[in-house]
Amino acid sequence: MVRDLFGLTLAELQEFCLAEGFPKFTAKQLCDWMYCKRVTDFDLMTNLSLKIRGRLKEIATVGRYDATDVQVSVDGTKKYLFSIFNLQSSINNYIESVYIPADDRATLCVSCQVGCRMGCRFCVTGQQGFHGNLSASQILNQIFSIPESTTLTNIVFMGMGEPLDNYDAILQTLEVLTSDWGLAWSPHRITVSTVGVTPMLQRLLDETQVHVAVSLHNPFPDERGEMMPMEKAYPVAKTIDLLRQYDWSGQRRISFEYTMFRGINDDRRHAAALVQLLKGLNCRVNLIRFHSSPDTPYRSSDGGTMTQFRDYLSSHGITCTIRASRGEDIMAACGLLAGKTAQKDV
Ligand code: SF4
């Protein structure tokens, strides 16, 4: 069976090389070619011997592939569609990644699962159900294969799926992104979002230095449970208790995502409860305007309500911003990624 080397860590490549009888340092050379020089053709890896290149062509591949479609917003945001072959069901699934250019940064929002198990009621991805985890190779391919890849300044794990429900692949991806033998990115250019899968969040906090974004959306457990069924398994109060055990005074940041839904989570009662919940925690709250879609009954709060909500939080000592709306015309927002041709038969 042909082995896909793209996405493997240095340690995994060393194991592979030793098993093939290659010198151990071949693994470092492969990292350099795949991750630093972004080469996919073994013939172009000129510091490997002809014998090793020949053997690699027989037994391995660098499994990179382009997006099958791209939609471009009037504001420059791009939504890329990638085809993922599902071995179990023998059908093609589709996932989406969103490229968001801004004045001084270029961010890619990546997907980590096909569908999602979390079932958030306002989320199109969540309503599709769960169809599988992406491998580190499939997550990294989103980052490496878009035309803007070398210009990216930030990566956010906020696309389809719950990152901490696919923890091993996320950790492997982060290792490739941040190691000297990989892209050598600062972990502070990377944000992993979560609804608050507490045991895995603890591991992420202990094992990495990336920024964390918690999808909060409602400070009241019963109301949050209505919107986000995972509140019952992972209460947000427990998530915040866990976050309070870490030091947020340095470069590492914690933020809370709060999508504002008209008449559901946007009144003064919610703002006051949010202030209480986050009291004393050095954090930021991002208010997000919901991009309405025909598939959900949820509607966005209006601009005036969002401004009042922000001002209330700010006046009570919470750093709060209203996130600029991007890619609305191509449905590129959080909660709207659908992989719209998902499960099309091949
Ligand atoms: Fe999953 Fe995120 Fe959608 Fe919730 S909002 S269902 S965690 S993709």
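In which helix does Arg224 lie? Arg224 lies in helix H8, which covers residues 221-227, where helices (H or I, at least four residues) and strands (E, at least two) are DSSP runs numbered from the N terminus. The model is a predicted one, in which local features need pLDDT of at least 70 and side-chain atom pairs count only at pLDDT 80 or more, while totals for chains, interfaces and linings use all residues. Residues are numbered from 1 along each chain as its sequence is written, and side-chain values use heavy atoms, with hydrogens and water left out.

With a relative accessibility of 1%, Arg224 counts as buried; here buried means under 20% relative accessible area, exposed means over 50%, and partly exposed lies in between, for a 1.4 Å probe and protein chains only. When its neighbours within four places in sequence are left aside, Arg224 is in contact with Val195, Ser215, Leu216, Asn218, Glu231, Tyr234 and Val236, contact being defined as heavy atoms within 4.5 Å. One of these partners, Ser215, is found in strand E11, residues 211-215, and is itself buried, with a relative accessible area of 13%. In the loop between E11 and H8 sits His217, which is buried at 3% relative accessibility and has a phi near 65 degrees, a positive value in a residue other than glycine.

The next region holds helices H1 and H2. Two packed helices are described by the angle between their axes and the distance between the axes. The axes of H1 (residues 10-20) and H2 (residues 25-36) come within 8 Å and cross at roughly 125 degrees, where axes are lines fitted to C-alpha atoms, for helices over the stretch in contact, and angles run from 0 to 180 degrees between N-to-C directions. That angle makes H1 oblique to H2, since angles under 35 degrees count as roughly parallel, over 145 as roughly antiparallel, 65 to 115 as roughly perpendicular and the rest as oblique. The crossing of H1 and H2 is right-handed, a crossing being right-handed if the near helix is turned clockwise from the far one by less than a right angle, and left-handed if anticlockwise. H1 contributes Leu10, Leu13, Gln14 and Cys17 to the contact, and H2 contributes Thr26, Ala27, Lys28, Leu30, Cys31 and Met34. By class, these residues divide into seven nonpolar, two polar and one charged, with Ala, Val, Leu, Ile, Met, Phe, Trp, Tyr, Cys and Pro counted as nonpolar, Asp, Glu, Lys and Arg as charged, and the others, Gly among them, as polar.

Within H1, Leu10, Leu13, Phe16 and Cys17 are buried. Seen down the axis of H1, these buried residues fall within an arc of 120 degrees, so they line one face of the helix, the arc being that of the directions from the helix axis to the C-beta atoms. The face turned away from that buried side carries the exposed residues Glu15, Leu18 and Ala19, whereas the buried residues of H1 pack against E1, H2, H3 and E2. After H1 comes Gly21, whose phi is positive, near 80 degrees.

The loop between H2 and H3 contains Arg38, which is partly exposed at 24% relative accessibility.

Finally, helices H6 (residues 167-178) and H7 (residues 198-207) pack at an angle of about 15 degrees, with their axes 11 Å apart, which makes H6 roughly parallel to H7. The contact is made by Tyr167, Asp168, Leu171 and Leu174 of H6 and by Met200, Arg203, Leu204 and Glu207 of H7, and it has five nonpolar, no polar and three charged residues.
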